[in-house]
Amino acid sequence: MATVRGATIIAESLKQQGVEYMFGIVGFPVVPIAAAAQKAGITYIGMRNEQAASYAAQAAGYLTGRPQACLVVSGPGVIHALSGLANAQSNCWPMILIGGASPVVQNGRGAFQEEKQVAAAAGFCKYAHAVEDARRIPFYVEQAVRTSFYGRPGAVYLDMPDDVILQQVEESDYRKATTIPDAPRPQAMEENIEAALTALESAQRPLVIVGKGMAWSNAENEVREFIERTQLPFLASPMGKGVVPDEHALSVGAARTHALKEADVVFLMGARLNWIMHFGLAPRFSRDVRVIQLDMSAEEIGTNVPAEVALVGDGKAVVAQLNRALDNRQWFYPAETDWRSALAAKAEANQTTVQPMIEDDSAPMNYYRAFKDIREWLPENAVIVSEGANTMDIGRTQMPNSLPRSRLDAGSYGTMGVGMGFAIAAATVHPDRPIVAVEGDSGFGFSGMEVETMCRHKMPVKIVLLNNGGIGGGMDELPTDKPIPVSILTPRARYDLMMEAFGGKGILVEDPKDLRSALDDAMAFDGPALVNVLLDPRAGRRKTNS
Ligand SMILES: Cc1ncc(C[n+]2csc(CCOP(=O)(O)OP(=O)(O)O)c2C)c(N)n1
Ligand SMILES: [Mg+2]
């Protein structure tokens with residue numbers, strides 16, 4: 001009778017449950033798992049830090065629709081990866097972390113890299129469990145993977161002790177689990193569908209907010225149809241961008257502040273009223289705003305603002321219900337209203353404010369001038385990764401998305417250091433699409449070593465680094481007569497040479513007149529490239545120098 005090792009059972013179970021990608025760092029005791037995963041046909045990407053690996057796994061999960069794996073060693077490896085669990089939970093993205101663990105027989109003895117891993121992970125997970133016997137691996141993998149992406153997605157953790165990884169079991173002694181079907185797509189109550197449309201019809205100043213829940217549920221066709229048919233003004237949450245193209249005529253993203261403040265009825269589609277949406281509260285929202293809320297999770301309904309109508313269900317299924325219900329109504333939001341005119345006027349005024357910065361060709365350049373060239377250069381089907389403070393916030397307004405699931409940023413948890421892992425995940429999942437990471441110099445630094453991973457795997461990621469020499473701003477030179485201010489980094493640091501060190505292409509840009517050709521050279525290069533764009537260290541959202 002043939003025997004099988006625990007490592008092989010976990011690799012084959014993961015593959016069977018739709019795990020195609022594994023990001024990690026090997027060492028004790030997980031080397032056999034990584035090797036078995038490769039043998040089982042899972043793509044294994046060896047990374048340089050577990051944080052970045054755990055960020056990569058969750059982005060791959062969001063992009064593929066099923067959890068993808070992160071594999072880490074016991075003790076410090078698991079602890080580093082907790083950042084990824086927390087970020088995935090906050091973003092509602094699926095991922096499975098597999099942590100190696102000390103052998104069960106050494107528990108409590110002070111084993112090498114021994115840690116209370118299940119307890120540590122549990123606080124940042126939907127599900128965390130230790131596997132105590134190799135014969136139970138198919139059961140635990142099925143339960144973990146299913147929990148990760150059914151309902152509201154999130155992180156799960158499995159603890160794999162060394163002796164379970166190495167355990168040899170008879171093939172006849174364990175049973176494979178069944179393959180988990182796609183996630184259920186529950187519909188909302190019919191009466192609530194009607195109530196939602198009636199509430200929208202009663203609005204003077206309606207606004208649809210499209211969140212990343214709609215991107216996750218692949219609802220782009222349904223949401224686009226709904227917006228077209230109702231003619232409702234909409235804006236997107238940061239990662240809801242592209243579900244409906246940002247440049248759609250009904251987008252009021254360019255008048256975001258005004259739209260949120262003055263709307264009388266808000267239809268929250270797969271978005272949360274958390275800090276990103278100013279909690280739905282005054283003064284950023286109208287004090288008596290009425291809310292229609294669509295969410296996968298019933299627990300989310302009413303957070304911060306009571307919902308007038310609750311649509312609990314899958315984004316794609318529920319918007320399809322709304323579209324069908326529209327067949328019986330002759331209603332759409334009229335073409336000419338005071339609300340539309342006010343939003344258009346506001347958008348135009350906002351554009352007028354930033355136009356001089358866009359057109360300012362002086363060196364060193366400002367953010368808006370840099371984004372002018374980046375925007376014209378960006379291919380329409382690019383996956384845009386972004387992190388930083390100004391870099392990310394200004395970039396959100398200056399780089400439009402026309403496709404769903406094509407913007408990955410610091411997200412609900414506001415995490416710096418996610419960008420390189422996200423870019424590696426995007427390059428792995430979408431080898432046919434351009435991957436562009438627009439990074440602040442601080443944001444890049446958290447996981448900058450991952451450029452080696454990109455070079456080793458010849459991933460054609462294009463990094464555009466907006467280098468102002470600091471966290472939100474820098475200095476012309478480091479002071480020699482006083483302590484270095486807390487947010488200051490090295491002025492004009494040569495991050496481009498980091499990319500060159502590993503065989504990628506690095507380009508330094510000091511004058512805006514050279515930016516476009518540098519971007520073109522980066523795109524033409526067959527491999528990873530980093531364009532290091534030196535910005536005015538005092539550049540900001542508003543012009544600070546004359
Ligand atoms: C893990 C983590 N640590 C620290 C922070 C605090 N933080 C917010 S933005 C930021 C960096 C902003 O600087 P940069 O990336 O250079 O962008 P800039 O605003 O300068 O364009 C930091 C460190 C964070 N959000 N996440
Ligand atoms: Mg900076």
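This is a predicted model: local features need pLDDT of at least 70, side-chain atom pairs count only at pLDDT 80 or more; totals for chains, interfaces and linings use all residues.
What is the geometry of the rings of phenylalanine 149 and tyrosine 150? Their centres are 5.1 Å apart and their planes stand at 75°, so the pair is edge-to-face.

Now a second aromatic pair. The ring centres of phenylalanine 444 and tyrosine 495 are 5.7 Å apart, with planes at 80°, so this pair is edge-to-face as well. It links distant parts of the chain. Phenylalanine 444 sits in helix α17, residues 441–445, and tyrosine 495 in helix α19, residues 495–501. That is 51 residues apart. Buried or exposed, these two? Both phenylalanine 444 and tyrosine 495 are buried.

How many aromatic pairs does the count give? Eight. There is also a cluster: Tyr55, Tyr62, Trp93 and Phe422 come together as one aromatic group. And one charge over a ring: arginine 136 lies over the face of phenylalanine 139, at 4.6 Å from the ring centre.

On to salt bridges. Side chains of opposite charge can pair when their charged atoms come close. The count here is 28 salt bridges.

First up, arginine 48 and glutamate 452. Their closest N and O atoms are 3.0 Å apart. Arginine 48 is in the loop between β3 (43–46) and α3 (50–64). Glutamate 452 is in helix α18, residues 450–456. Arginine 48 is partly exposed, at 40% relative accessible area. Glutamate 452 is buried, at 15%.

Next, a local one. Arginine 146 bridges to glutamate 142, with the closest N and O atoms 2.8 Å apart. Both sit in helix α6, residues 137–149. They are four residues apart there, which means about one helical turn between them. Arginine 146 is partly exposed at 29%, while glutamate 142 is buried at 15%.

Closest N and O atoms: 2.8 Å. Glutamate 201 lies in helix α8 (residues 190–201) and arginine 329 in the loop between α12 (315–326) and α13 (338–358), so the bridge ties together parts 128 residues apart in sequence. Here glutamate 201 is partly exposed, with 32%. Arginine 329 is buried, with 16%.

Some bridges share partners. Arg48, Glu452 and Arg456 are joined that way into one network.

Last topic, the sheet. Strands of a sheet pair through backbone hydrogen bonds, either parallel or antiparallel. Which order do the strands of the six-stranded open sheet take? The order is β15-β14-β16-β17-β19-β18, and the pairing is parallel. At the edges are β15 (407–409) and β18 (505–509), each pairing on one side only. From one strand to the next, the twist averages 15°.

Look inside the sheet. Strand β17, residues 461–467, pairs with strand β19, residues 529–534, in the parallel sense over six bridges. Isoleucine 463 stands opposite leucine 530 of β19.

And what packs on the sheet? Helix α14, residues 367–377, does, touching β16 (435–440) and β17. The direction of helix α14 makes about 165° with that of β17.

Notes:
Residues are numbered from 1 along each chain as its sequence is written. Chains are lettered from A and ligands numbered from 1 in the order in which they are written. Side-chain values use heavy atoms; hydrogens and water are left out. A salt bridge is a side-chain nitrogen of Lys or Arg within 4 Å of a carboxyl oxygen of Asp or Glu. Helices (H or I, at least four residues) and strands (E, at least two) are DSSP runs, numbered from the N terminus. Buried means under 20% relative accessible area, exposed over 50%, partly exposed in between (1.4 Å probe, protein chains only). Rings of Phe, Tyr and Trp (its six-membered ring) pair if their centres lie within 6.5 Å; planes under 30 degrees apart count as stacked, over 60 as edge-to-face and the rest as tilted. A charge sits over a ring if NZ of Lys or CZ of Arg is within 6 Å of the ring centre and within 35 degrees of the ring normal. Two strands pair if DSSP finds at least two bridges between them. Axes are lines fitted to C-alpha atoms, for helices over the stretch in contact, and angles run from 0 to 180 degrees between N-to-C directions. Contact means heavy atoms within 4.5 Å.
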